[in-house]
Amino acid sequence: MTMNLIPGVESTGSALSAEKIRLEIIAQNIANSNTTQDANGNVYKRKEVAFEEFIKMPERRVPGYVDENLYQGVKVVDVYDDQTPGRMIFNPGHPHANKDGMVEMPNVDVSREMIDLISASRAYEANLSVVKTSRRMAQQALAIGR
Amino acid sequence: MDAVSSLPSLNELLRQNPNLNPQKFSPKLNSESQLAGGLSSPSAVPLIDKTTSVDRVTAPGFADMFQKFVKGVDYKKKVSAKETQDLILGRSDNIHEAVVKSEEAKVAFNLMIEVRNKLVDSYKELMRMQV
Amino acid sequence: MTAILDNLYSQENYLISKKLLDATHLRHEALSNNLANVETPGFKRRDLPENFSVELRRAVDRDDFRRVKQLYPRSVEDRNAKPVRIDGNTVQLDEELLAMNRNALNYEYLSNSVGGTLKELTLAIKGRV
């Protein structure tokens, strides 16, 4: 049980964590966009994050306030591999080519990853500005009567 | 606060002026006596029933009202304490509620102190009158 | 029991401001949650229903301040919001941010209004702030 003086900070904090994880996954995808063999001998498959709304029961129920403070933002429920098969390229000289001379490339589309990167950054920055505003509101409340 | 506590408490005023006594005291007033700076202590004040019928009509009304007033201030303090406790324990996140309730309790308390000061001042003024 | 002190705190604007402060605080939490879920698939945005302010205004017009005190704001799913993405998410980032900033300004104003009344009372009682 922590003291929660800044309104909405649990939601905003959860979003900052979640978007940060998403950005890391996107960065990993981009970095591995040409990795034809990972440590297990398989071609790299792009990873995705699954977001879900985070709902939790509140500590105190005041009559008249129904189901408030239930909604606590977002959480990452899973990081999973996208199993779409990657492109096959004919390159018999490649060390990872199969007996037909085909190499399977990772199913990473860099332009799509960039679009996701921009969305995740915007969401992250928006939530940063929310937390600044929330803190200012709390300080205004503290100054009542002074 | 020293200047305030050196003034005669309402307890002494009531003892010296039996005409101001109400007919009966409620025991609850004891818990608020700390709050009001020694406002009243039923056991210490003798109930002298030498009042005329005229005095008996006006005096109990005033003490009654002041008792209600003190209870009201105490209630506001309790409400503010509960809200503050909920906030610091994380049961609530309404910071504005805690601040507003605490300020309201403070204002009510100030009102009570000022009324008490005025009562004491008027008593001193009365005592200064040449008979 | 607290009839004497109730009158002290019964100015119209003070009661209305306190109630709106509650509502603004709640709305901020709802909007923060919307912005946190801007990338969540299928998320529907939540807000205070319009009839809260309508009810409040109606109660004030009728001078029914007991009703004003009993009005409790709640946040509900916004039925009028249109999905902006294929996954059904109804949060529009820019509009939501704008609404949040305006709401925060309301909160500041209402804090000042409530604080002003309390300062006034203190001044009247003590003769100084």
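This is a predicted model: local features need pLDDT of at least 70, side-chain atom pairs count only at pLDDT 80 or more; totals for chains, interfaces and linings use all residues.
So, which residues in H2(A) meet residues in H5(C)?

Residues are numbered from 1 along each chain as its sequence is written, and chains are lettered from A and ligands numbered from 1 in the order in which they are written.

Okay, chains C and A. Their contact takes 29 residues from chain C and 33 from chain A; two residues are in contact if their C-beta atoms, placed from the backbone, lie within 7 Å. On the chain C side, H5(C) gives the most, with 12 residues. Helices here are DSSP runs (H or I, at least four residues), numbered from the N terminus.

Now back to my question. On H2(A) the list includes Arg122(A), Ser129(A) and Met137(A), and on H5(C) it includes Leu93(C), Tyr107(C) and Ser111(C).

How do H2(A) and H5(C) pack? At an angle of about 5 degrees, with their axes 9 Å apart. The axes are lines fitted to C-alpha atoms over the stretch in contact, and angles run from 0 to 180 degrees between N-to-C directions. H2(A) and H5(C) are therefore roughly parallel to each other, a label for angles under 35 degrees.

Last one: 17 residues of chain B are in contact with 16 residues of chain C. Here H5(B) gives the most to the chain B side, with nine residues. Thanks, everyone!

Conventions. Helices (H or I, at least four residues) and strands (E, at least two) are DSSP runs, numbered from the N terminus. Angles under 35 degrees count as roughly parallel, over 145 as roughly antiparallel, 65 to 115 as roughly perpendicular and the rest as oblique.
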